[in-house]
Amino acid sequence: MQGRDDVRRRNLATVLGIVHRRRRASRAEITQRTGLSRSSVGTLVADLEQAGIVTQSVGEERSGVGRPSPTVSLTGRYLAAAVNPDVTGVRVALVDLGGRVVDQQFHATREAPTPHEAAHLTATALADLSQGRPGSTVVGICAAIPGRVDKTGTTVRFAPHLRWADVGFGALLSEYTGLTGRVAFDAKVGLRAETLWGRAQTARDVVSFYGGPGGIGAAALVDGRLIDGSAGGAARLGHLMVATDGPTCVCGNIGCLTTLVSHHHLAAAYGLGQVSLAELRAAVLRETAPALRSFLDRQVGYLATALRMSAWAYDPELIMLGGFFEILLEAGRETLESAFSGGTLGPLGGPPALTVPALGADQLLAGAATEAFSPLLHDPLGFTQTHQEQVPASGGRAGG
Ligand SMILES: [Zn+2]
């Protein structure tokens, strides 16, 4: 019996995984992708429908025999909360199972929030956001952290710009919101979201740089797998040495990318303080003073060096540049692309393509939400049955 239940749970998870990734899929397509029989897929989808996770409608698509195959889509009843604490404030969002941000709030802070401040702001925002969705259930919460986390997804090991070290932020989120709390490394979940819904859907080898207000995050997908390393610290590409005469970095090396290229450096050069990415982009593309242009060229040059070294290390087909790196790509694509020319890449199949994330800044929230959804995705019926006995989470305790 146990074995049969296991098979059913696995099959339900597989079917839901397809709808999660595709957002909607015909039953014929699910049958084709899973290799299960048509009647098995019909039963599995009906189970998911009864649990309130998916809904079916007769769509346009037709199966081989000419009968329309019902389209399976998500009900939107189950949502996950995603939070991204950074040096300028805390962003909180509700995200649906298909990775769409359905609502979000940003709470600015004067300086980097402490863990308790971040958890308190999160709970307040979440209570507010949940009020607008009375028919929905928030299944869990995950924070996209601008820093490395432990492999269990509960503790922030080191987020240098937030100045958080060994913080059990998952438990803190649980305490403040009443939801199961987790933490994840922002660049890694951002890249995961791009593999699910963005530019990296068909790619197997990708390097991603994310430039947030709180520093540089990077992640690598190698042979279709997001790499972690022994302690979750793989692909720390912000510490690639890009200038032999650069300043000393907190890591002890000199001339690291993160010490020379940052949101803060760019904004300061253009006479700006704490500005949004859109404001920074407008300023960079507007100003044409020669001194600023040569500053920008140097920034692009440092990034080109880092991209070249990343290509040597990971052999990616795609390098994704998110956050403020999008501005450097827009301002200096030619220089960045020439970083791979005249080298030894030719015989190996050509240089990687350079692109920006399709999901923009939402990649961090969508990726974190997928982590929060993992118990539901892993065991859809088990999770919803257990959850029905509990009071639906609606922001929980906002006190502090
Ligand atoms: Zn360093």
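**Exercise 1. The contact of α4 with α5**

Determine which residues of α4 meet which residues of α5 in this predicted model, and describe how the two helices are arranged.

*Solution.* 
Step 1. On the α4 side, the residues are Pro115, Ala119, His120, Thr122, Ala123 and Leu126. They meet Phe169, Leu172, Leu173, Tyr176 and Thr177 of α5.
Step 2. Sorted by class, the contact of α4 with α5 contains eight nonpolar, three polar and no charged residues.
Step 3. Helix α4 covers residues 115-131 and helix α5 covers residues 169-177; they pack at an angle of about 40°, and their axes are 9 Å apart. Therefore α4 is oblique to α5.
Step 4. The crossing in which α4 passes α5 is right-handed.

**Exercise 2. The contact of α10 with α11**

State at what angle helix α10 and helix α11 pack, and identify the residues that make the contact.

*Solution.* 
Step 1. Helix α10 (residues 290-314) packs with helix α11 (residues 325-338) at an angle of about 80°, and their axes are 9 Å apart.
Step 2. Angles of 65 to 115 degrees count as roughly perpendicular, so α10 is roughly perpendicular to α11.
Step 3. Helix α10 contributes Leu296, Gln299, Val300, Gly301, Leu303, Ala304 and Leu307. Helix α11 contributes Phe325, Leu328, Ala331, Gly332, Thr335 and Leu336.
Step 4. The contact of α10 with α11 comprises nine nonpolar, four polar and no charged residues.

**Exercise 3. Positive phi angles**

For arginine 163 and aspartate 166, give the phi angle. Then locate arginine 163 and aspartate 166 in the chain.

*Solution.* 
Step 1. Most residues other than glycine have a negative phi.
Step 2. Arginine 163 is not a glycine, yet its phi is positive, at about 60°. Arginine 163 is placed in the loop between β9 (156-159) and β10 (164-167). It counts as partly exposed because it has 13 C-beta neighbours inside 10 Å.
Step 3. Aspartate 166 is not a glycine either, and its phi is positive, at about 45°. Aspartate 166 is placed in strand β10. With 9 other C-beta atoms within 10 Å, aspartate 166 is exposed, because the cut-off for an exposed residue is 12 or fewer.

Definitions and conventions. Residues are numbered from 1 along each chain as its sequence is written. This is a predicted model: local features need pLDDT of at least 70, side-chain atom pairs count only at pLDDT 80 or more; totals for chains, interfaces and linings use all residues. Axes are lines fitted to C-alpha atoms, for helices over the stretch in contact, and angles run from 0 to 180 degrees between N-to-C directions. Helices (H or I, at least four residues) and strands (E, at least two) are DSSP runs, numbered from the N terminus. Angles under 35 degrees count as roughly parallel, over 145 as roughly antiparallel, 65 to 115 as roughly perpendicular and the rest as oblique. Two residues are in contact if their C-beta atoms, placed from the backbone, lie within 7 Å. Ala, Val, Leu, Ile, Met, Phe, Trp, Tyr, Cys and Pro count as nonpolar, Asp, Glu, Lys and Arg as charged, and the others, Gly among them, as polar. A crossing is left-handed if the near helix is turned anticlockwise from the far one by less than a right angle, and right-handed if clockwise. A residue is buried if 20 or more other C-beta atoms lie within 10 Å of its own, exposed if 12 or fewer, and partly exposed in between; C-beta atoms are placed from the backbone.
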